[in-house]
Amino acid sequence: MEKKKLRLIISGGGTGGHIFPAISIAKALQDINPDVELLFVGAKGRMEMEKVPAAGYNIVGLPVVGLQRKLTIKNISFPFKLIKSLRMASKIINDFNPHVVIGVGGYASGPILKIAQRKNIPTVIQEQNSYAGITNRLLGKKADAICVAYNNMDKYFPKNKIVLTGNPIRQGLENIDSKIEEGRDFFGIPAGNKVVLVVGGSLGARTINESLWGSIEKIATNKNITLIWQTGKYYYNELKNRLQDKGFENIKLFDFIQRMDMAFAASNLVVSRAGACTISELCLVGRPTILVPSPNVAEDHQTKNANALAQINATILVHDKDAPAILTDKIIETLEDDGALKMLATNIKTMALPNAASDIAKIVLNLSVT
């Protein structure tokens, strides 16, 4: 008997934290059913319009924009772009005729899921954070399944629709412990040195970068520590110029690290923002972490994500406003405390859900045949 040709829409984006999970779900769907027909729907001008085609998938862009939380002239165009996006979403649904629509978060997912629900097409929401955004909360009332990464999400969604799957992550981060020596060789780490990996996302994090720079001599003069520092593209040239004549041999500067598997493998401690997918990766690789949540995100969800880990001693939480004064000292103190490193690694590993993409794909495919 010939398999039914499944047509699925994956919608959302805006940041890598939405896009990379979406691509992971798409690949998991194809692993189970190679003949599945996939269409992505994103927001015009945002990162997904570049990253999704680069991964080999078709994408359609909507003119939808986010509603600004402060008074700004940008909000004048919001209702008009939303109405246009809803009309375009209706045409996309009619033309593509999907069996299921998946929303991975970000305002681009709103119009397409709303229209799908109006037309009684099954919808799946993937909520990445411990604090659900307003779009997902509204759509969750009529969604068929809501895939979450944290416990106690029934305060936002109907309990009978929630499935704890975790967040899909990029491929290649499995079995990191088997790559420790390879990772240390990759970055040229001296024997016996402890490694701190500092990442602020692909664009960078000003607070983390400036906090490190403000007391960089404390690390540079400690020959038992190697710093692998991903500055982000916005800050790389400035920091490279600052470091140029310093002769700090134990600081390895990058704008972006392509081989994050090697970086995680080599590290004894990771300093990072607290985006949902970043945390999911850290849980999987089981590395001790210091999280510095960005305060400049919707509903301060990064702080809530970090708190969820800090409450079970699975991370050290440093608030953005405190980072300039204490971050570097906290890094050195933690690296020198083997007991703390072991406890943090053990506790964060308990939160890993390594099969998230395939588990979500199975939920989607089950809905497609009901």
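Let's begin with the salt bridges: this predicted model holds 11 of them. Side chains of opposite charge can pair when their charged atoms come close. Three of these pairs are set out in the table below.

| Salt bridge | N to O distance |
|---|---|
| Asp177 and Arg287 | 3.0 Å |
| Asp322 and Lys321 | 3.4 Å |
| Glu333 and Lys330 | 3.9 Å |

Is Arg287 buried or exposed? Arg287 counts as buried, because its relative accessibility is 7% and the limit for buried is under 20%.

Asp322 and Lys321 form another of the pairs, at 3.4 Å. Here Asp322 is partly exposed, with 27% relative accessible area, and Lys321 is exposed, at 68% relative accessibility.

Glu333 and Lys330 belong to helix α13, where they are three residues apart, so about one helical turn separates them. Glu333 is partly exposed at a relative accessible area of 48%, and Lys330 is partly exposed as well, at 23%.

## Helix α7 and its neighbours

Helix α13 also takes us to helix α7. Helix α7 spans residues 206-214 and packs with helix α13, residues 323-335, at an angle of about 70°, their axes lying 8 Å apart. That angle makes α7 roughly perpendicular to α13, because values from 65 to 115 degrees count as roughly perpendicular. The crossing of the two helices is right-handed.

Which residues make this meeting of α7 and α13? From α7 come Thr207, Ile208, Ser211 and Leu212, and from α13 come Ala323, Pro324, Leu327, Thr328 and Ile331. By type, the contact of α7 with α13 has six nonpolar residues, three polar ones and no charged ones.

Ser211 has its place in helix α7 and is buried, with a relative accessible area of 2%. Leaving aside residues up to four places away in sequence, Ser211 touches Ala323, Pro324, Leu327 and Thr328.

α7 and α9 pack at an angle of about 5°, with 12 Å between their axes. They are therefore roughly parallel to each other, because angles under 35 degrees count that way. Asn209, Glu210 and Trp213 of α7 make this contact with Glu238, Leu239, Arg242 and Leu243 of α9. The residues of the contact of α7 with α9 divide into three nonpolar, one polar and three charged.

Gly214 and Val104 are 110 residues apart in sequence, and their C-alpha atoms are 37 Å apart in space.

## Two asparagines with positive phi

Now for the backbone. Most residues other than glycine have a negative phi, and most peptide bonds are trans. Asn120 has a positive phi, near 60°, in a residue other than glycine. Asn120 is placed in the loop between α4 (109-118) and β5 (123-127). This asparagine counts as exposed, at 70% relative accessibility.

Asn313 is not a glycine either, and its phi is positive at about 55°. Asn313 lies in the loop between α12 (301-310) and β13 (316-317). With 44% relative accessibility, Asn313 counts as partly exposed.

Note on methods:
Residues numbered from 1 in each chain as written. Predicted model: local features only at pLDDT ≥ 70, side-chain atom pairs only at ≥ 80, totals over all residues. Heavy atoms only, no water. Axes fitted to C-alpha atoms, helices over the stretch in contact; angles between N-to-C directions. Helix = DSSP H or I, 4+ residues; strand = E, 2+ residues; numbered from the N terminus. Parallel < 35°, antiparallel > 145°, perpendicular 65-115°, else oblique. Left-handed = near helix turned anticlockwise from the far one by under 90°. Contact = heavy atoms within 4.5 Å. Nonpolar A, V, L, I, M, F, W, Y, C, P; charged D, E, K, R; others polar. Salt bridge = Lys/Arg side-chain N within 4 Å of Asp/Glu carboxyl O. Buried < 20%, exposed > 50% of the residue type's maximum accessible area, 1.4 Å probe, protein only.
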